[in-house]
Amino acid sequence: MAARRPTPLARIRLLVLDVDGVLTDGRLRYGPEGEQEKLFHVRDGFGLKALMAAGVAVAVISGRSSQAVARRCAELGIGELAQGQEHKLEAFEALCTRLGMAAAECACIGDDTPDVPLLERAGLAIAVADAHPDARRAAHRRTRLPGGAGAVREACDWLLAARKPARKSATKPARKPATKPARAAKRGR
């Protein structure tokens, strides 16, 4: 686990995601003409839309470039997409500057060694369940689910739960036990 203290979930204003191994299971499929196919989990998309509706910005920084990723981000309304980023930390710092956010206000989800600089810089570092040990060591938290199988939704749920106002208890406060009235003293006049 990371030695530094994580930013509380409720203070996160930006969620930054890797793609391969986070939004997907990390496998790449090539067809006869070399095109690649990526599979995305629908629950991750729902969680990201809910998070954006709650006011948390979402960005994607990937070391690879893919039309499938651009299309998925467009479908979800994610406008901050940086693909083909060999140096992800530079892209992250430029993103923070452009959005006027401190790195401490950002959560990053990663799965492998190239994500470690982002994880170490972010206020909240999250590794997916099946992440490489390097990413797990840099993370504050780890999802129960693996990349491409709902891990992003799990992290979105954490962030959303931290934003919900505390619910009032559905039960009434306990009453003090009723005291039995003192028995009238026997009148024996």
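Tutor: Happy to! Let's look at helices H1 and H6, where H1 passes H6 in a left-handed crossing. Keep in mind that this is a predicted model. Two packed helices are described by the angle between their axes and by how far apart those axes are. Here, H1 covers residues 42-53 and H6 covers residues 151-163. Their axes are 7 Å apart and meet at an angle of about 25 degrees. Because angles under 35 degrees count as roughly parallel, H1 is described as roughly parallel to H6.

Now zoom in on the residues that touch. On the H1 side you will find Arg43, Asp44, Phe46, Gly47, Leu48, Ala50 and Leu51. They meet Ala151, Val152, Arg153, Cys156, Leu159 and Leu160 of H6. Sorted by class, this contact of H1 with H6 has nine nonpolar residues, one polar residue and three charged residues.

To place this in its surroundings, turn to the sheet. Six strands form an open sheet in the order S5-S4-S1-S6-S7-S8, with parallel pairing. Its edge strands, each pairing on one side only, are S5 (80-82) and S8 (141-142). Within the sheet, S6 (residues 106-110) pairs with S7 (residues 124-127) in the parallel sense over four bridges. Another helix, H3 (residues 88-99), lies across strands S1, S4, S5 and S6, and runs at about 155 degrees to S4.

Definitions and conventions. Residues numbered from 1 in each chain as written. Predicted model: local features only at pLDDT ≥ 70, side-chain atom pairs only at ≥ 80, totals over all residues. Heavy atoms only, no water. Pairing = 2+ DSSP bridges. Helix = DSSP H or I, 4+ residues; strand = E, 2+ residues; numbered from the N terminus. Contact = heavy atoms within 4.5 Å. Axes fitted to C-alpha atoms, helices over the stretch in contact; angles between N-to-C directions. Parallel < 35°, antiparallel > 145°, perpendicular 65-115°, else oblique. Left-handed = near helix turned anticlockwise from the far one by under 90°. Nonpolar A, V, L, I, M, F, W, Y, C, P; charged D, E, K, R; others polar.
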